[in-house]
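Me: I'm new to this one and would like to learn how to read it. Can you show it to me and take me through it step by step?

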Amino acid sequence: MHKQLVAILRRTSVAAFGFALAASSWAAGPAQSAASKINDPARGWDSLWHEVIVDITIIGILFAVVTAWFMFSSRRTADNQVGASPKLSPASAVGWTVLPIFIFLSIDLYTAANGWVLWNHYRDVPADRLEVKLESGMYSWDYTYPNGVRTQNELIVPAGKPVMLRMTSRDTLHSHYIPDFRVKEDSMPGRVTYLWFHPTKPGEHLVTCAEYCGVMHSYMAGRVIVKSTDEYAAWMKQEETMLAAAATTEAPAVPAKAGAPAAKPKKT
């Protein structure tokens, strides 16, 4: 009996480990076969969460059925009846403890393997991207584009192009959260962090701060506005024109030469 149990445990552990490796390879396969494709992890997180919910539901129903069966089969049939549990051999006790652990551990390893793959996809930022600097502060999001165009609380981006935010903070800890794209990352003083997402079609998406940062934390909201390529180009051209005009208007006066006398005030 003991030898059979050891053999069963050995085969179960090998099967669980192999199942986890196979799951990791299966999830990583599409990325390796299509290197040029953008590995947007947003939909992957949704799929993984769906699998977790399904697993938890099945396990919960199974435990509920088993518990109900034990309650029914072990119910007292007489007022003075005293129950007695069956005697298990040491091998049986170990088997009933270890086997369920390996069964549920295989599910956890499968979930973890897929989570690691998705995390690696998230940290692999596409090379062809729009990169925007973000300075967060109480209580606004200030975006600066590569050409110097600035917006506040509105991140305007083109559809079909990955967007990367390089983030820092001018005061305290904030967390830039875009629920629709399944991304959230902290921004903090003295450190540059980043996140990226892939907008595929025009629309508007909520931005909120997911880290308590002060008394007006709940008002620290913004929008990601995704425009078509042509609309984005037209908007950016308009902003560049306004930026150039403002720079010309605010050009500093030519300073007086060193040693030149100051202009005398006119007599009235």
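Reply: Start with burial: a residue is buried under 20% relative accessible area, exposed over 50%, and partly exposed in between, using a 1.4 Å probe and protein chains only. Here, 29% of the 268 residues of the protein count as buried. This is a predicted model, so local features need pLDDT of at least 70 and side-chain atom pairs count only at pLDDT 80 or more, while totals for chains, interfaces and linings use all residues. Residues are numbered from 1 along each chain as its sequence is written, and side-chain values use heavy atoms, with hydrogens and water left out.

Me: How many helices and strands does the protein have?

Reply: Both are DSSP runs numbered from the N terminus: helices are H or I with at least four residues, strands are E with at least two. The protein has 4 helices and 10 strands. From the N terminus on, they run α-α-α-β-β-β-β-β-β-β-β-β-β-α.

Me: What about the core? Which residues touch the most other members of the largest nonpolar core?

Reply: In soluble globular proteins, nonpolar side chains tend to be buried together. A nonpolar core is a set of buried Ala, Val, Leu, Ile, Met, Phe, Trp, Tyr and Cys residues joined through side-chain atoms within 4.5 Å. In the largest one, with 33 residues, the ones touching the most other members are Y143, Y145, L155, L165, F197 and V224. The elements giving two or more residues to this core include β1 (130-137), β10 (221-227) and α4 (229-249). β5 gives the most, with 4 residues.

Me: And what does Y143 touch?

Reply: A contact means heavy atoms within 4.5 Å. Leaving out residues up to four places away in sequence, Y143 touches residues including V132, L134, L155, L165, H176 and V207.

Me: How many disulfides are there?

Reply: A disulfide is a pair of cysteine sulfur atoms within 2.5 Å. By this rule the count is 0. C209 is in no disulfide, and its nearest cysteine sulfur, that of C213, is 4.0 Å away. C209 counts as buried because its relative accessibility is 5%. C213 counts as buried too, at 7%.

Me: Last one: which residues divide up the lining of the second largest pocket, nonpolar, polar or charged?

Reply: Ala, Val, Leu, Ile, Met, Phe, Trp, Tyr, Cys and Pro count as nonpolar, Asp, Glu, Lys and Arg as charged, and the others, Gly among them, as polar. A pocket, on a 1 Å grid over the protein atoms alone, is an open set of points where a 1.4 Å probe fits, with protein on both sides within 12 Å along at least five of seven lines; lining residues have an atom within 4 Å of a point. This lining has 9 nonpolar residues, 1 polar and no charged. Among them are F63, W96 and F104. α3 gives the largest share, 6 residues.
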